[in-house]
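This briefing is intended to be read alongside the sequence and the three-dimensional view.

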Amino acid sequence: MSELGVAIVGYGLAGSVFHAPLIAAEPRMRVASVVTSSPERAARAAAEHPGARVVPTPDDLFADAADIDLVVVATPNRTHAPLACRALSVGLPVVVDKPFAVTAADAANVVAAAEAAGLPLSVFQNRRWDSDFLTLRALIAEGALGAVRRFESRFERWRPATKGTWREAGTVAEGAGILFDLGSHLVDQALVLFGPVVDVHAEIDARRPGIAADDDAYLALTHADGTYSHLWMSAVAPQLGPRLHVQGSLAGYTVSGLDPQEDALRAGRRPGDGTPWGTVAPEHWGLVGEGADQRPREPVPGDYPAFYAGMAAALLDGAPVPVDPRDAVTTLEILERARAVASGRHAAR
């Protein structure tokens with residue numbers, strides 16, 4: 001087998017902007033099927049991926065999946081675990097968009113199902129391939145910062161009016177809210193960098209009127225190695241803080257602004273289109289140093305295509321999956337601890 005047929009279940013923002021272009025850019029993969037109940041999205045999928053079979057329901061996909069080698073679940077959060085288990089039950093490897101599931105228990109059940117079936121399973125934690133994150137990993141590996149003592153990381157937006165999407169209008173039980181949406185990335189990155197967490201503090205709120213789930217959150221994690229991770233995620237930040245602000249025993253690293261890959265994908269750019277991918281303009285480079293000695297650091301280019309290159313290697317070459325799904329279970333456990341802490345804080349007011 002030289003080319004893997006991939007089915008994308010869900011063709012909203014995640015399926016059409018993040019997954020489909022990266023799959024299409026991977027030489028050993030093709031978009032073979034798309035599942036969407038929206039006629040408008042179905043037409044767009046057919047136009048963007050000629051030759052792909054477009055069907056309205058997962059039942060239609062699983063009834064005839066002979067040309068499918070991988071299922072990507074990019075549907076609303078509450079359906080992630082059931083659809084992943086459904087695909088595994090018919091013998092198909094799975095990639096699940098983040099958050100992996102709505103509860104850690106559901107996520108652990110999916111992992112157990114994949115292990116019992118002997119099938120590859122991974123979670124799309126694409127922010128592991130952000131330019132700023134890759135650059136920070138390189139700085140830590142080089143010893144340029146010394147021992148990292150405090151890691152500050154933010155995904156903040158200014159959206160004082162809600163858009164009415166399910167991510168805002170839905171409930172926490174449905175997987176809505178900013179803690180699931182952006183917290184899944186921030187906690188995952190902190191765990192990759194600094195390992196297990198021994199203590200969690202959290203402040204989680206719904207600031208805008210008319211929403212059921214959280215839109216503003218702060219988590220403080222204490223890692224077993226002594227590092228503190230301070231994580232902000234907000235839709236109601238009128239002034240944005242730095243994306244990363246890292247304090248080490250020898251130097252610090254500060255970078256503002258977001259990795260350019262999401263904007264590039266939203267704008268219709270594609271990896272391999274003949275222009276450099278994931279590069280950051282010099283005016284947005286982060287600064288490394290101490291005191292008055294602050295030096296621009298040329299960042300490592302962002303590399304979202306690495307995720308599906310890794311999945312192709314896992315399926316065709318026997319390599320490990322690019323993101324261990326057990327990492328995503330741990331992330332959900334921390335998010336659940338954070339909710340419990342924040343609920344206790346509210347109850348004590």
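Where is Pro 99 found? In this predicted model, Pro 99 is found in the loop between β5 (94-97) and α5 (104-117). The peptide bond that joins Lys 98 and Pro 99 is cis, with omega about -10°. In general, most peptide bonds are trans.

**Overall architecture**

- The protein chain contains 12 helices and 14 strands.
- The radius of gyration of the protein chain is 20 Å, which agrees with the value near 20 Å that a compact globule of 349 residues would have.
- The C-alpha trace of the protein chain spans about 60 × 50 × 40 Å along its principal axes.
- Of the contacts between residues at least 6 apart in sequence, 71% join residues at least 24 apart.

**Surface, burial and charge**

- Of the 349 residues in the protein chain, 52% are buried.
- The protein chain exposes about 14600 Å², and carbon and sulfur atoms supply 54% of that area.
- The protein chain carries 31 positive and 42 negative charges, and the mean positions of these two sets are 3 Å apart.

**Annotated domains**

- An unreviewed UniProt entry places the feature "domain: Gfo/Idh/MocA-like oxidoreductase N-terminal" at residues 5-123. Over residues 5-123 the chain is 45% helix and 22% strand, and the end C-alpha atoms of this segment are 18 Å apart.
- The UniProt annotation "domain: GFO/IDH/MocA-like oxidoreductase", also from an unreviewed entry, covers residues 133-251. Over residues 133-251 the chain is 25% helix and 32% strand, with the end C-alpha atoms 17 Å apart.

**His 19 in helix α1**

- His 19 lies in helix α1, which comprises residues 13-25.
- Because its relative accessibility is 0%, His 19 counts as buried; the cut-off for burial is under 20%.
- Leaving aside neighbours within four places in sequence, the contacts of His 19 are Ala 14, Val 72, Ala 74, Val 95, Asp 97, Phe 124 and Tyr 308.
- One of these contacts, Ala 74, is 55 residues from His 19 in sequence, and the two C-alpha atoms are 8.1 Å apart in space.

**Leu 88 in helix α4**

- Leu 88 has its place in helix α4, residues 80-89.
- Leu 88 counts as buried because its relative accessibility is 5%.
- Not counting residues up to four places away in sequence, Leu 88 touches Val 94, Val 110, Ala 113, Ala 114, Ala 117 and Leu 119.
- The C-alpha atoms of Leu 88 and Pro 120 are separated by 9.1 Å, although these residues are 32 apart along the chain.

**Asn 126 in a loop**

- Asn 126 is found in the loop between β6 (121-124) and α6 (131-142).
- With a relative accessibility of 5%, Asn 126 therefore counts as buried.
- Beyond residues up to four places away in sequence, Asn 126 touches Phe 18, His 185 and Tyr 304.

Key
Residues numbered from 1 in each chain as written. Predicted model: local features only at pLDDT ≥ 70, side-chain atom pairs only at ≥ 80, totals over all residues. Heavy atoms only, no water. Helix = DSSP H or I, 4+ residues; strand = E, 2+ residues; numbered from the N terminus. Rg over C-alpha atoms; globule rule 2.2 N^0.38 Å. Buried < 20%, exposed > 50% of the residue type's maximum accessible area, 1.4 Å probe, protein only. Contact = heavy atoms within 4.5 Å. Areas by Shrake-Rupley, 256 points an atom, 1.4 Å probe, with all protein chains shown as cover. Lys, Arg positive; Asp, Glu negative; His and termini not counted. Charge placed at Lys NZ, Arg CZ, Asp CG, Glu CD. UniProt positions renumbered as here; feature names shortened; annotations may be inferred.
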